[in-house]
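Please read the following report alongside the sequence and the coordinates, taking each section in turn.

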Amino acid sequence: MNYAVMEDGVVTNIIVLYPSNAKDFPGAVPCGDVPVGIGDTWDGQDFYRDGEKVVSPLTAAWQEVQTMQEELPMLKAQIQAISDRNDFIEDCMAEMAAVVYGE
């Protein structure tokens with residue numbers, strides 16, 4: 001398992017340890033599947049990079065799915081509005097053609 005070696009709340013190194021050997025590195029914090037890098041900070045619970053929380057790829061994917069699900073109704077409404085406008089323009093063109101070419 002990956003561990004972050006910490007100094008004053010900042011990651012100074014990433015090492016791989018067996019959990020049973022973690023006691024040999026008292027300043028090491030288990031990272032799990034979070035892609036922690038040197039220079040990231042640790043607040044005692046989460047890692048941060050440039051002020052943003054560092055999360056696992058799976059967590060990031062779930063957050064993206066949730067965002068997409070929240071945006072879906074608005075996107076559907078926009079598509080419907082565009083479709084309605086296209087139908088209106090088609091009807092206008094058909095009427096104009098009828099006037100120009102006669103029926």
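Leaving aside residues up to four places away in sequence, Ser56 touches Asp33, Val34 and Pro35. In this predicted model, Ser56 sits in the loop between β6, which covers residues 52-53, and α1, which covers residues 57-101. Ser56 counts as buried because its relative accessible area is 6%, and the cut-off for that class is under 20%.

Val55 also belongs to the loop between β6 and α1. With residues up to four places away in sequence again left out, Val55 touches Val34, Pro35, Ala60 and Gln63. Val55 and Glu7, by contrast, are 48 residues apart in sequence, and their C-alpha atoms lie 21 Å apart in space.

## The helix α1

The helix α1 has 45 residues, and the distance from its first C-alpha to its last is 61 Å, which is close to the 66 Å expected at 1.5 Å a residue. At Leu72 the helix α1 bends by about 40°, and a proline, Pro73, follows within four residues. After α1 comes Gly102, a residue whose phi is positive, near 70°.

Strand β1, made of residues 2-7, pairs with strand β2, made of residues 10-16, in the antiparallel sense and over six bridges. Within this pairing, Asn2 has Val16 of β2 as its bridge partner. The two strands β1 and β2 form a hairpin in which two residues lie between them, and Asp8 in the turn has a positive phi of about 55°.

Strand β1 also pairs with strand β3, residues 28-30, in the antiparallel sense, in this case over three bridges. Here the residue that stands opposite Tyr3 is Pro30 in β3.

## Nonpolar cores

Which residues make up the largest nonpolar core? This core consists of eight residues in all, namely Ala4, Met6, Val11, Val29, Cys31, Val36, Phe47 and Val54. There is a second, separate core of five residues, and among its members are Ile15, Leu17, Ala22 and Ala28. As a general background, nonpolar side chains in soluble globular proteins tend to be buried together.

For Cys31, a member of the largest core, the contacts beyond four places in sequence are with Asn2, Tyr3, Ala4, Val36 and Phe47.

## Salt bridges

How many salt bridges does a search of the whole structure find? The search finds two. In general, side chains of opposite charge can pair when their charged atoms come close.

Arg49 is classed as partly exposed because its relative accessibility is 35%, whereas Asp40 is classed as buried because its relative accessible area is 2%.

Asp46, located in the loop between β4 (41-42) and β5 (47-49), forms a salt bridge with Lys53, and there the closest N and O atoms are 3.6 Å apart. Apart from residues up to four places away in sequence, Asp46 touches Thr41 and Lys53. Is Asp46 buried or exposed? Asp46 counts as buried because its relative accessibility is 18%, and the limit for a buried residue is under 20%. Its partner in the salt bridge, Lys53, counts as partly exposed because its relative accessibility is 46%, a class that lies between under 20% for buried and over 50% for exposed.

Conventions: Residues are numbered from 1 along each chain as its sequence is written. This is a predicted model: local features need pLDDT of at least 70, side-chain atom pairs count only at pLDDT 80 or more; totals for chains, interfaces and linings use all residues. Side-chain values use heavy atoms; hydrogens and water are left out. Buried means under 20% relative accessible area, exposed over 50%, partly exposed in between (1.4 Å probe, protein chains only). Contact means heavy atoms within 4.5 Å. A nonpolar core is a set of buried Ala, Val, Leu, Ile, Met, Phe, Trp, Tyr and Cys residues joined through side-chain atoms within 4.5 Å. The expected span of a helix is 1.5 Å times one less than its number of residues. The bend at a residue is the angle between axes fitted to the seven residues ending there and the seven starting there. Two strands pair if DSSP finds at least two bridges between them. A salt bridge is a side-chain nitrogen of Lys or Arg within 4 Å of a carboxyl oxygen of Asp or Glu.
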